Amino acid sequence: MMQLLWDIRVSLDLFLGGLGVGAFLVGVILYYVDAKVYDGFVKKSFVIAPLLVIAGLLLLLTELGRPLNVIKTIYAINPTSFMSIGIFLQSAFVAVALLIAFKVLTSGVESLSSKIVYAGAILAGLVGLYHGFLLSGIAKEPWNNAIPVIFFVSSILSGASLMVLLNLGSLESLVTRFKLPLIINMVLTIELAAVFAWVYNLALTTASSKHAYDVLISNFSMEFWVLSILMGLIAPLAIFTLVILNKLSLKAVAIPTFAIIVLGSFFLKNLVVYLGQAV
């Protein structure tokens, strides 16, 4: 039986934290593009983002035990510990994001200082990269240097998809102004390439990485091929391609397509967390 160091709460922290980072960053983009036109979208992004990151952090702290130690971790950072750095970064992001959410809810989007939004975007980016570095900093074959890229792109995809689902009224405007299906397909292609590069690296690099590849294919084939690759990446890529070719209406397929991108992000991150512990 597999001996687990971390259970699903770590996967959920990485997933929810990634959703929050992606939601915040897409809100930042629209804030700088036109805060007045996308007022409702930006407001939802800035309010939901810290709540998702906080939910993930709480799950992580219950998994690690002694949750009150987080207070000590914030002011006594251990620069050699990815966990310590990560808790500090996430706490700093949550503090800035909560301040932005408070300002948005009490005074509106237009009252925000662009400098505070910019600071929040920097922290969000660092937190998004940290999620991958948390794993790649541990000497496990599946948790190699490809993971920070895979996790960060997955977070952007899932967070943006969640916010589109919560702002379907803005869909037509987003399609007209940003050619949304084309942009999403470009990011999906980058994510697909990064995942296959990761698998290729596992299959061919060393004997121990080959063992990790064998475990992936033999023990996690459903989670990898069906839930992460086919459902989470290839299916939305195909659907958006049909939308670009005017074979499908985006409005008709938006809800299931963006939903499977969000779900695929969870299954991919959960798979990576468990695979690293299985080898």
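Me: Which residues lie nearest the centre of the second largest pocket?
Reply: This is a predicted model. In it, 16 residues line the second largest pocket. Two or more of the lining residues come from each of α7, α8, α10 (221–244) and α11 (250–278). Nearest the centre lie L171, E172, V175, L250 and K251.

Me: Which element gives the largest share of the lining of the second largest pocket?
Reply: The space in this pocket is about 300 Å³. Its lining divides into eleven nonpolar, two polar and three charged residues. Four residues, the largest share, come from α11.

Me: How many charged residues are in the lining of the largest pocket?
Reply: The largest pocket holds about 420 Å³ of space. It is lined by 17 residues, with V26, I29, A160, L180 and I183 closest to its centre. The lining has 16 nonpolar residues and one polar, and the number of charged residues is none.

Me: Which elements each supply at least two residues of the lining of the largest pocket?
Reply: A lining residue has an atom within 4 Å of a pocket point. By that cut-off, the elements that each supply at least two are α1 (8–34), α6, α7 (171–178) and α8 (180–204).

How values were computed
Residues numbered from 1 in each chain as written. Predicted model: local features only at pLDDT ≥ 70, side-chain atom pairs only at ≥ 80, totals over all residues. Heavy atoms only, no water. 1 Å grid on protein atoms, 1.4 Å probe; cavity = no way out; pocket = protein on both sides within 12 Å on 5 of 7 lines; lining within 4 Å. Points joined across faces, edges and corners; volume = space filled by probe spheres on them. Nonpolar A, V, L, I, M, F, W, Y, C, P; charged D, E, K, R; others polar.
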